[in-house]
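Please look over the chain below. The briefing that follows covers its domains, its sheet and one of its helices.

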Amino acid sequence: MNDYRRMIDRLARSNHAIALTGAGISVESGIPDFRSLGGLWSRYHPIEYGHIDSFRSNPAKVWKMLLEMDALLSRADPNPAHFALAKLEALGIIRAVITQNVDSLHQRAGSKRVIEFHGHNRSLRCESCNLRYPREKISLSVTPPACRCGGPLRPEIVFFGEQIPTIAFTEAMSAADSCDFLMVIGTSAAVAPASQIPLVAKNRGAFVLEINPTPSELRKEMVDFRIAQSAGTALPEIVTLIGVNNYE
Ligand SMILES: [Zn+2]
(Lines give C-alpha, C1' and ligand atoms only; values in the text may rest on other atoms or scores of the structure.)
Protein backbone atom coordinates (compact mmCIF):
# COMPACT_ATOMS: atom_id res chain seq x y z
CA MET A 1 0.00 0.00 0.00
CA ASN A 2 1.44 3.40 -0.89
CA ASP A 3 1.25 6.43 1.43
CA TYR A 4 -1.76 7.89 -0.36
CA ARG A 5 -3.71 4.63 0.00
CA ARG A 6 -2.65 4.40 3.62
CA MET A 7 -4.04 7.89 4.23
CA ILE A 8 -7.35 6.94 2.55
CA ASP A 9 -7.47 3.80 4.68
CA ARG A 10 -6.84 5.81 7.82
CA LEU A 11 -9.65 8.23 6.88
CA ALA A 12 -12.06 5.40 6.10
CA ARG A 13 -11.34 3.81 9.48
CA SER A 14 -11.44 7.06 11.46
CA ASN A 15 -14.14 7.51 14.09
CA HIS A 16 -14.17 11.27 14.28
CA ALA A 17 -12.77 13.05 11.24
CA ILE A 18 -13.19 16.81 10.94
CA ALA A 19 -12.26 19.42 8.35
CA LEU A 20 -10.91 22.93 8.72
CA THR A 21 -11.53 25.00 5.61
CA GLY A 22 -10.44 28.43 4.45
CA ALA A 23 -10.63 30.76 1.48
CA GLY A 24 -8.90 28.28 -0.84
CA ILE A 25 -11.90 25.93 -0.94
CA SER A 26 -14.17 28.67 -2.32
CA VAL A 27 -11.79 30.00 -4.98
CA GLU A 28 -13.19 27.43 -7.42
CA SER A 29 -16.65 28.85 -6.66
CA GLY A 30 -15.48 32.22 -7.97
CA ILE A 31 -14.66 33.87 -4.64
CA PRO A 32 -11.05 35.07 -4.77
CA ASP A 33 -9.17 34.86 -1.47
CA PHE A 34 -9.63 38.33 0.07
CA ARG A 35 -5.87 38.48 0.62
CA SER A 36 -4.95 37.46 -2.94
CA LEU A 37 -4.20 39.68 -5.90
CA GLY A 38 -7.63 40.77 -7.12
CA GLY A 39 -9.15 39.90 -3.73
CA LEU A 40 -11.10 42.47 -1.73
CA TRP A 41 -8.14 43.48 0.41
CA SER A 42 -6.09 44.40 -2.65
CA ARG A 43 -8.62 47.15 -3.37
CA TYR A 44 -9.90 48.02 0.08
CA HIS A 45 -7.51 48.55 2.94
CA PRO A 46 -8.41 45.77 5.41
CA ILE A 47 -8.30 48.02 8.48
CA GLU A 48 -9.92 51.04 6.85
CA TYR A 49 -12.79 48.90 5.51
CA GLY A 50 -12.74 45.70 7.54
CA HIS A 51 -12.24 46.88 11.12
CA ILE A 52 -15.25 47.18 13.40
CA ASP A 53 -14.16 50.66 14.51
CA SER A 54 -14.24 51.81 10.88
CA PHE A 55 -17.77 50.44 10.53
CA ARG A 56 -18.89 52.18 13.70
CA SER A 57 -17.43 55.53 12.70
CA ASN A 58 -18.49 55.43 9.05
CA PRO A 59 -20.91 52.60 8.13
CA ALA A 60 -21.72 54.13 4.73
CA LYS A 61 -18.07 53.99 3.66
CA VAL A 62 -17.62 50.38 4.84
CA TRP A 63 -20.82 49.35 3.08
CA LYS A 64 -19.12 50.17 -0.26
CA MET A 65 -16.86 47.19 0.40
CA LEU A 66 -19.66 45.12 1.97
CA LEU A 67 -21.84 45.56 -1.13
CA GLU A 68 -19.07 44.16 -3.26
CA MET A 69 -18.59 41.26 -0.85
CA ASP A 70 -22.33 40.61 -0.82
CA ALA A 71 -22.48 40.53 -4.64
CA LEU A 72 -19.49 38.18 -4.77
CA LEU A 73 -20.97 35.81 -2.20
CA SER A 74 -24.48 35.80 -3.66
CA ARG A 75 -23.18 34.89 -7.12
CA ALA A 76 -21.19 31.90 -5.87
CA ASP A 77 -22.32 28.27 -5.87
CA PRO A 78 -20.78 25.31 -4.05
CA ASN A 79 -18.10 23.45 -6.02
CA PRO A 80 -17.15 19.74 -6.06
CA ALA A 81 -15.00 20.22 -2.92
CA HIS A 82 -18.00 21.42 -0.87
CA PHE A 83 -20.14 18.56 -2.21
CA ALA A 84 -17.42 16.02 -1.44
CA LEU A 85 -17.23 17.15 2.21
CA ALA A 86 -21.01 16.95 2.51
CA LYS A 87 -20.88 13.43 1.08
CA LEU A 88 -18.18 12.42 3.56
CA GLU A 89 -20.44 13.66 6.35
CA ALA A 90 -23.43 11.76 4.94
CA LEU A 91 -21.23 8.65 4.90
CA GLY A 92 -20.56 9.11 8.62
CA ILE A 93 -16.88 9.91 8.14
CA ILE A 94 -16.73 13.68 8.63
CA ARG A 95 -18.31 14.81 11.91
CA ALA A 96 -17.87 18.55 11.57
CA VAL A 97 -16.58 21.21 9.21
CA ILE A 98 -14.94 24.20 10.84
CA THR A 99 -14.81 27.00 8.31
CA GLN A 100 -13.19 30.41 8.23
CA ASN A 101 -15.40 31.33 5.28
CA VAL A 102 -18.58 33.40 5.55
CA ASP A 103 -20.12 32.22 2.25
CA SER A 104 -22.51 29.46 3.52
CA LEU A 105 -21.35 27.22 0.66
CA HIS A 106 -20.83 24.20 2.94
CA GLN A 107 -24.46 24.33 4.07
CA ARG A 108 -25.67 24.87 0.52
CA ALA A 109 -23.73 21.75 -0.54
CA GLY A 110 -25.47 19.74 2.18
CA SER A 111 -23.07 19.82 5.14
CA LYS A 112 -25.11 19.67 8.35
CA ARG A 113 -22.58 20.34 11.08
CA VAL A 114 -20.75 23.52 10.15
CA ILE A 115 -18.90 25.61 12.72
CA GLU A 116 -18.47 29.14 11.39
CA PHE A 117 -15.42 30.78 12.88
CA HIS A 118 -15.96 34.12 11.21
CA GLY A 119 -19.74 34.34 11.08
CA HIS A 120 -21.85 34.18 7.94
CA ASN A 121 -23.71 36.12 5.26
CA ARG A 122 -27.23 34.82 5.92
CA SER A 123 -28.36 37.60 8.20
CA LEU A 124 -27.75 41.22 9.08
CA ARG A 125 -27.62 42.48 12.65
CA CYS A 126 -28.28 45.91 14.06
CA GLU A 127 -25.12 47.38 15.50
CA SER A 128 -27.21 49.37 18.03
CA CYS A 129 -29.90 46.96 19.30
CA ASN A 130 -28.68 43.55 17.98
CA LEU A 131 -31.96 42.80 16.18
CA ARG A 132 -31.35 40.31 13.35
CA TYR A 133 -32.84 40.33 9.86
CA PRO A 134 -32.57 37.54 7.24
CA ARG A 135 -30.35 38.80 4.42
CA GLU A 136 -33.03 38.25 1.77
CA LYS A 137 -35.48 40.52 3.61
CA ILE A 138 -33.18 43.53 3.34
CA SER A 139 -32.82 45.61 0.22
CA LEU A 140 -29.31 46.93 -0.22
CA SER A 141 -30.37 49.63 -2.67
CA VAL A 142 -29.82 52.25 0.02
CA THR A 143 -26.71 51.81 2.13
CA PRO A 144 -26.09 51.61 4.94
CA PRO A 145 -29.31 49.66 5.49
CA ALA A 146 -30.96 50.66 8.75
CA CYS A 147 -32.73 48.82 11.53
CA ARG A 148 -36.21 49.89 12.56
CA CYS A 149 -34.51 51.55 15.56
CA GLY A 150 -32.42 53.61 13.16
CA GLY A 151 -29.15 51.82 13.91
CA PRO A 152 -26.91 50.67 11.03
CA LEU A 153 -27.18 47.01 9.94
CA ARG A 154 -24.08 44.91 9.44
CA PRO A 155 -23.61 41.41 8.09
CA GLU A 156 -23.25 38.72 10.74
CA ILE A 157 -19.57 38.34 9.91
CA VAL A 158 -16.65 38.85 12.27
CA PHE A 159 -14.91 42.15 11.55
CA PHE A 160 -11.26 42.77 12.34
CA GLY A 161 -11.11 43.84 15.97
CA GLU A 162 -13.96 41.51 16.97
CA GLN A 163 -13.81 38.20 18.85
CA ILE A 164 -14.55 34.83 17.28
CA PRO A 165 -18.12 34.01 18.39
CA THR A 166 -17.76 32.16 21.73
CA ILE A 167 -19.98 29.21 20.76
CA ALA A 168 -18.12 28.68 17.47
CA PHE A 169 -14.77 28.87 19.23
CA THR A 170 -15.77 26.42 21.97
CA GLU A 171 -17.30 23.97 19.49
CA ALA A 172 -14.28 24.14 17.20
CA MET A 173 -11.83 23.47 20.01
CA SER A 174 -13.94 20.62 21.32
CA ALA A 175 -14.16 19.10 17.81
CA ALA A 176 -10.38 19.42 17.42
CA ASP A 177 -9.85 17.86 20.81
CA SER A 178 -11.93 14.81 19.98
CA CYS A 179 -10.89 14.18 16.38
CA ASP A 180 -8.69 11.37 15.10
CA PHE A 181 -8.33 12.78 11.57
CA LEU A 182 -8.10 16.43 10.55
CA MET A 183 -8.27 17.71 7.00
CA VAL A 184 -6.82 21.20 6.58
CA ILE A 185 -8.22 22.49 3.30
CA GLY A 186 -7.55 25.72 1.43
CA THR A 187 -6.05 27.51 4.41
CA SER A 188 -2.62 28.07 5.78
CA ALA A 189 -4.10 27.80 9.29
CA ALA A 190 -1.38 30.25 10.19
CA VAL A 191 -3.38 32.90 11.97
CA ALA A 192 -4.51 32.49 15.58
CA PRO A 193 -6.94 31.37 16.80
CA ALA A 194 -7.61 29.07 13.78
CA SER A 195 -3.98 27.96 14.02
CA GLN A 196 -4.77 26.30 17.36
CA ILE A 197 -6.99 23.71 15.68
CA PRO A 198 -4.22 21.71 13.95
CA LEU A 199 -2.14 22.04 17.10
CA VAL A 200 -4.86 20.66 19.38
CA ALA A 201 -5.67 17.85 16.92
CA LYS A 202 -2.03 16.89 16.48
CA ASN A 203 -1.39 16.91 20.22
CA ARG A 204 -4.09 14.34 20.74
CA GLY A 205 -2.63 12.10 18.04
CA ALA A 206 -4.89 12.89 15.09
CA PHE A 207 -3.72 12.24 11.55
CA VAL A 208 -3.39 15.58 9.72
CA LEU A 209 -4.03 15.77 5.98
CA GLU A 210 -3.33 19.06 4.24
CA ILE A 211 -4.92 19.91 0.90
CA ASN A 212 -3.47 23.10 -0.54
CA PRO A 213 -2.24 23.67 -4.11
CA THR A 214 0.75 25.61 -2.77
CA PRO A 215 2.64 24.80 0.42
CA SER A 216 1.19 26.55 3.45
CA GLU A 217 2.78 27.81 6.62
CA LEU A 218 1.71 24.69 8.50
CA ARG A 219 4.87 23.30 10.01
CA LYS A 220 6.14 20.12 8.40
CA GLU A 221 6.00 18.11 11.61
CA MET A 222 2.31 18.99 11.97
CA VAL A 223 1.29 17.33 8.71
CA ASP A 224 1.13 13.59 8.06
CA PHE A 225 0.20 13.81 4.41
CA ARG A 226 0.01 16.65 1.89
CA ILE A 227 -1.93 16.82 -1.35
CA ALA A 228 -0.67 19.66 -3.53
CA GLN A 229 -3.88 20.03 -5.51
CA SER A 230 -6.97 22.18 -5.43
CA ALA A 231 -9.68 20.90 -3.10
CA GLY A 232 -12.08 20.56 -6.06
CA THR A 233 -9.75 17.97 -7.56
CA ALA A 234 -8.49 16.22 -4.44
CA LEU A 235 -11.68 15.78 -2.38
CA PRO A 236 -13.92 14.15 -5.04
CA GLU A 237 -11.10 11.67 -5.69
CA ILE A 238 -10.98 10.83 -1.98
CA VAL A 239 -14.76 10.28 -1.96
CA THR A 240 -14.47 7.97 -4.95
CA LEU A 241 -11.73 5.94 -3.33
CA ILE A 242 -13.72 5.66 -0.15
CA GLY A 243 -16.24 3.80 -2.20
CA VAL A 244 -18.91 6.17 -3.38
CA ASN A 245 -18.70 8.20 -6.53
CA ASN A 246 -22.16 9.76 -6.81
CA TYR A 247 -21.35 12.65 -4.52
CA GLU A 248 -23.29 15.30 -6.45
ZN1 LIG B 1 -31.72 48.27 15.92
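Into which domains is the protein chain divided? In this predicted model, domain 1 takes in 1–31 + 78–118 + 164–248, and domain 2 consists of 32–75 + 122–157.

**Domains**
- Between the C-alpha centres of domain 1 and domain 2 there is a separation of 28 Å.
- Nine residues from domain 1 and eight residues from domain 2 make up the contact.
- On the side of domain 1 that touches domain 2, four residues are nonpolar, four are polar and one is charged.

**Sheet**
- The order β3-β2-β1-β7-β8-β9 describes an open sheet of six strands with parallel pairing.
- β3 (114–116) and β9 (225–227) are the edge strands, each with pairing on one side only.
- On average, and with direction ignored, neighbouring strands of this sheet are turned by 20 degrees against each other.
- Five bridges join strand β1 (residues 17–21) to strand β7 (residues 181–185) in the parallel sense.
- Opposite I18 stands L182, a residue in β7.

**Helix α8**
- In helix α8 (residues 166–176), the buried residues are A168, A172, A175 and A176.
- These buried residues line one face of the helix, because they fall within an arc of 95 degrees when seen down the axis of α8.
- Exposed residues on the other side of α8 are T166, I167 and T170.
- The packing partners of the buried residues of α8 are β1, β2 (94–99), β3 and α9 (196–203).

Conventions: Residues are numbered from 1 along each chain as its sequence is written. This is a predicted model: local features need pLDDT of at least 70, side-chain atom pairs count only at pLDDT 80 or more; totals for chains, interfaces and linings use all residues. Two strands pair if DSSP finds at least two bridges between them. Helices (H or I, at least four residues) and strands (E, at least two) are DSSP runs, numbered from the N terminus. Axes are lines fitted to C-alpha atoms, for helices over the stretch in contact, and angles run from 0 to 180 degrees between N-to-C directions. Domain bounds come from an automatic or database domain assignment. Two residues are in contact if their C-beta atoms, placed from the backbone, lie within 7 Å. Ala, Val, Leu, Ile, Met, Phe, Trp, Tyr, Cys and Pro count as nonpolar, Asp, Glu, Lys and Arg as charged, and the others, Gly among them, as polar. A residue is buried if 20 or more other C-beta atoms lie within 10 Å of its own, exposed if 12 or fewer, and partly exposed in between; C-beta atoms are placed from the backbone. The arc is that of the directions from the helix axis to the C-beta atoms.
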